[in-house]
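Student: Could you walk me closely through the loops in this model, and then through the surroundings of the ligand? I'd be glad of the cut-offs behind each term as we go.

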Amino acid sequence: MTGYHLSKSHPRYKSLYYRDLLADGVKRGVTSLQGLTAHGRGEAFDYLLEEKTCHFAQKATEAAASLLLLSDYPVLSINGNTTMLAAKEFISLAKILGAPIEINLFHFSVKRIKQIAVHLKKLGATKILLPDGGILPKVESARRMISKEGQVKADTVFVPLEDGDRTGALIAMDKRVITVDLNPLSRTARSATITIVDNIVRTMPILIETTDAYKKKSDKWLQAKLDNYDNQLVLSEAILTIRKNLTALSKHSVSYDKINRT
Ligand code: PTJ
């Protein structure tokens, strides 16, 4: 697949593995070229979060599971990056919720939509929606092309690895938005109803497990989880964690004496 041997003993094996997956996605016509740079931005933030799921992401994931289960019509929106990184997990979550997966692309092409649909079907997806004439008002990019059976009808939309305008437009339509974004400063992260600041590859298994476990809970219990959730607080905690990690790293690697001398 990659044209070189990736050894599991490589200290950055996981990181290289996911890069290879996305590069393969470009070759298959699933991921956009720009998706590779978007992934790089995510990786940089992941470093700052020590490449682990932090307590604020866990809290956001629990709130997201509660919201998805309380929703009348949740829709899971997938793009080129999430298809390569988490298609199987999207399909599992969709099955637990009985929800459709809607393909929505920024770097739009009919060919890419078809390739993604084929990929999802091969992995067992049953309810796949494509743009069918539905329009997201006030969005100029191709993301405005949505499905009448999907985002148009949805009360909650799951939009991981997103680029900004759509979240605002969906919120303006009174829908709830759940995102996954390693960058707590992004427009999407800051305007979503629930922001999981974590890597999609770590988040999805936790979200699936939590949603499955919460299926047994009452609506009252789920609502209480949501009522106690504060997205602004979660974003602040993510930024403070990055600051704390940077402070610790700067103390470990360079002494202040040295900094003062340069
Ligand atoms: O497939 P398309 O055409 O719909 O395009 C998809 C991309 C991702 C290229 C498009 O949505 C885009 O340009 O997104 P942005 O504006 O780069 O935003 C993506 C956000 O996801 C950034 O804030 C990244 O930090 C973040 N991100 C990247 N990789 C991951 C991630 N967050 C969580 N997990 C990741 N693996």
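Tutor: A residue is called buried under 20% relative accessible area, exposed over 50%, and partly exposed in between, using a 1.4 Å probe and the protein chains only. The model is predicted, with local features needing pLDDT of at least 70 and side-chain atom pairs counting only at pLDDT 80 or more, while totals for chains, interfaces and linings use all residues. Residues are numbered from 1 along each chain as its sequence is written, and side-chain values use heavy atoms, leaving out hydrogens and water.

Let's start with Lys-138, which is exposed because its relative accessible area is 87%. Lys-138 lies in the loop between strand E4 (134-135) and strand E5 (145-146); helices (H or I, at least four residues) and strands (E, at least two) are DSSP runs numbered from the N terminus. The phi of Lys-138 is near 70°, a positive value in a residue other than glycine. Most residues other than glycine have a negative phi.

Glu-51 also has a positive phi, near 50°. Glu-51 is in the loop between H2 and helix H3 (55-70), and it counts as partly exposed because its relative accessibility is 32%.

Asn-199 belongs to the loop between strand E8 (194-196) and helix H8 (200-214). At 13% relative accessibility, Asn-199 is counted as buried. Beyond its neighbours within four places in sequence, Asn-199 is in contact (heavy atoms within 4.5 Å) with Asp-46, Val-180 and Leu-182.

Now for the ligand, which sits in the largest pocket. A pocket, on a 1 Å grid over the protein atoms alone, is an open set of points where a 1.4 Å probe fits, with protein on both sides within 12 Å along at least five of seven lines; a molecule sits in it if more than half of its atoms lie within 2 Å of its grid points. Helix H2 (33-48) and helix H4 (80-97) are the elements that give two or more residues to the shell around the ligand, and H2 supplies the largest share, five residues.

There are 24 residues around the ligand (a heavy atom within 4 Å), and those that come nearest are Gly-80, Phe-106, His-107, Arg-112 and Arg-143. A backbone N or O atom of Gly-80 is 2.8 Å from an oxygen atom of the ligand, and for Leu-161 such a backbone atom lies 3.2 Å from a ligand oxygen. Taken alone the ligand exposes 740 Å² (Shrake-Rupley method, 1.4 Å probe), of which the protein buries 95%.

Notes:
A polar contact is a pair of N or O atoms within 3.5 Å; within protein, one must be able to donate a hydrogen and the other to accept it, and residues adjacent in sequence count only if both atoms are side-chain atoms. On a 1 Å grid over the protein atoms alone, a cavity is a set of points where a 1.4 Å probe fits but cannot get out, and a pocket is an open set with protein on both sides within 12 Å along at least five of seven lines; lining residues have an atom within 4 Å of a point.
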